[in-house]
Amino acid sequence: MATKYIKINHEKYGYDVLALFQSFYPEDNHQLVFPGCREQITKEAEEVGFFALLNYEDGDNAPVEVSFGDGSIYRYPGGLGSDLKEGFGNYLYDVLSKKTGVTLPWGTLNGVRPTKIAYKGLLEGKSDEEIEEIYLKDRKASSEKAKLAIEIAKREKRILERLDLSDGYSLYIGIPFCPTTCLYCSFTSYPYSVYKKEVDNYLNALIKELEFVAGMRKENPDTIYIGGGTPTTLDAERLERLLSKVEELFDLDRVFEFTVEAGRADSITEEKLKVLKAHKVTRISINPQTFNQETLDFIGRKASVTQFAQVWPIARKLGFDNINMDIILGLPGENEPEVRKTIEKVLEYRPDSLTVHSLAIKRASKLASWIIQNGKSTINNSDGLMKIASDGAKKLGLVPYYLYRQKNMSGNLENVGFSEEGKEGIYNILIMEELQDIIACGAGTVSKRVFYEDGTIRKLTRCENVKEVPMYCEKIDEMIDRKRKLFLE
Ligand code: SF4
């Protein structure tokens, strides 16, 4: 993966500029160089030469010059304005689109939550046409993506109608352990074998945090989500300890949804599933990611296709009638035939919801290092592959209900959750639309407080828990204090 250096004379909107370059040239790694940048980076860039230079003249309405290493120069006369999306962002998009011959499905939208525009538009009483116009004109997105965002926002709005968004909350519980680490992972996840001795300490700290939350908020959470990592990495006894505590602290008969991300088939046993069932878990996720064993071996995901085939029927037999399945498109070496094979298997298993991810290559992941070592990758995702997946979902009667994007997603596409009506993951919508307080417990989790005023969101604040397990255990009182400050002050 070659590094392309982009020099800007002002840090303003640096991230958006970088994201646009990265989207148009996904096979390169882009590095910004700006005044005050680390000396070593500046030196390296000067040795290699700059791919592009952006020169903002002083003042919001002053011109911006964009010149490329190949000698081409573009001059935007209108200035940056108060927001990159106004004017210059669209101009830079057009320049890069012309140079590469590519258009991006989501245009200049590089954030995680592209449906937020549609949701806000609906709340403001805008028509579909007016909302679509915002996507097309202001953000250069395609009509197809605009329509998808509007369809999803409408569904989300309907699903959330029964929740008390302004006064209610949802609870997230993080279990940051996995049996092993997948090549593409950059979540807060630690191999269980290495951290085995810490697990009981971790649960002690986590329970202390949960007890604080239950005391702090008198109302019951609307949804509870246990994620990770892989929560079912815990053995049945420890799962039992955690879930009994959750049941003791919160009224599980009054939650709209209680999800446990079982995740990897190699972490699931009948005994653990029975524990989940006994503690009123309403929704689980069992994620094959792909049904091609060769790919699973390559990405270091030790959960095999055979293990999946063993645990899925057990979950159904035990009465789990809301099971989500996650798959990833754009995995190394996978193309149309492999995706078709995966979707055929999905059709056989008939999940109640299907989340289709587009592989995001995170810098911290082992996969990113693999790509650097092996040069050009065979990672590929496209609208065509997404269509195979969404056609599969359609055959099962599943409709799109939430959507999010990540940085460096293959094909510059999105992750979409499809679901049978009534089996949607409500927590997934809440985390994406940021409409309700999320109180998150556990290492590496982030809590959010949403402030409402006269029915509209005034501001959003957050606090984080430390990522490292030993530090989380040691500093649990400080983590609790952060929550106290966030939610009570
Ligand atoms: S199962 Fe998920 S969280 Fe665990 S290592 Fe793999 S990608 Fe990371």
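Helices (H or I, at least four residues) and strands (E, at least two) are DSSP runs, numbered from the N terminus. Residues are numbered from 1 along each chain as its sequence is written. The model is predicted: local features need pLDDT of at least 70, side-chain atom pairs count only at pLDDT 80 or more, and totals for chains, interfaces and linings use all residues.

The chain divides into domain 1 (1–102) and domain 2 (162–451 + 458–473). These bounds come from an automatic or database domain assignment. The C-alpha centres of the two domains are 36 Å apart.

Helix α13 spans residues 336–349. Its 14 residues reach 20 Å from first C-alpha to last, close to the 20 Å expected at 1.5 Å a residue (the expected span is 1.5 Å times one less than the number of residues). Val 339, Thr 342, Ile 343 and Val 346 of α13 are buried. They cover an arc of only 100 degrees around the axis, which puts them on the same side of α13. A residue is buried if 20 or more other C-beta atoms, placed from the backbone, lie within 10 Å of its own, exposed if 12 or fewer, and partly exposed in between. The arc is taken from the directions from the helix axis to the C-beta atoms. Pro 337, Glu 344 and Glu 348 are exposed on the face of α13 turned away from its buried side. The cover over the buried residues includes β12 (323–329), β13 (353–358) and α15 (383–395). Just after α13, Arg 350 takes a positive phi of about 55 degrees.

Helix α9 (residues 236–249) also has its end C-alpha atoms 20 Å apart, in agreement with the 20 Å that its 14 residues should span. Its buried residues are Leu 239, Leu 242, Leu 243 and Val 246. These fall within an arc of 90 degrees seen down the axis, so they line one face of α9. Glu 237 and Glu 248 are exposed on the face turned away.

The loop between β9 and α9 holds Gly 229. The peptide bond from Gly 228 to Gly 229 is cis, with omega near 15 degrees. Most residues other than glycine have a negative phi, and most peptide bonds are trans.

Two further loops hold a positive phi. Gln 289 has a phi of about 70 degrees and sits between β11 (283–286) and α11 (293–298). Gln 289 is buried, with 24 other C-beta atoms within 10 Å. Asp 454 has a phi near 50 degrees and lies between β17 (446–453) and β18 (456–464). Asp 454 is exposed, with 5 other C-beta atoms within 10 Å.

Conventions: Contact = placed C-beta atoms within 7 Å.
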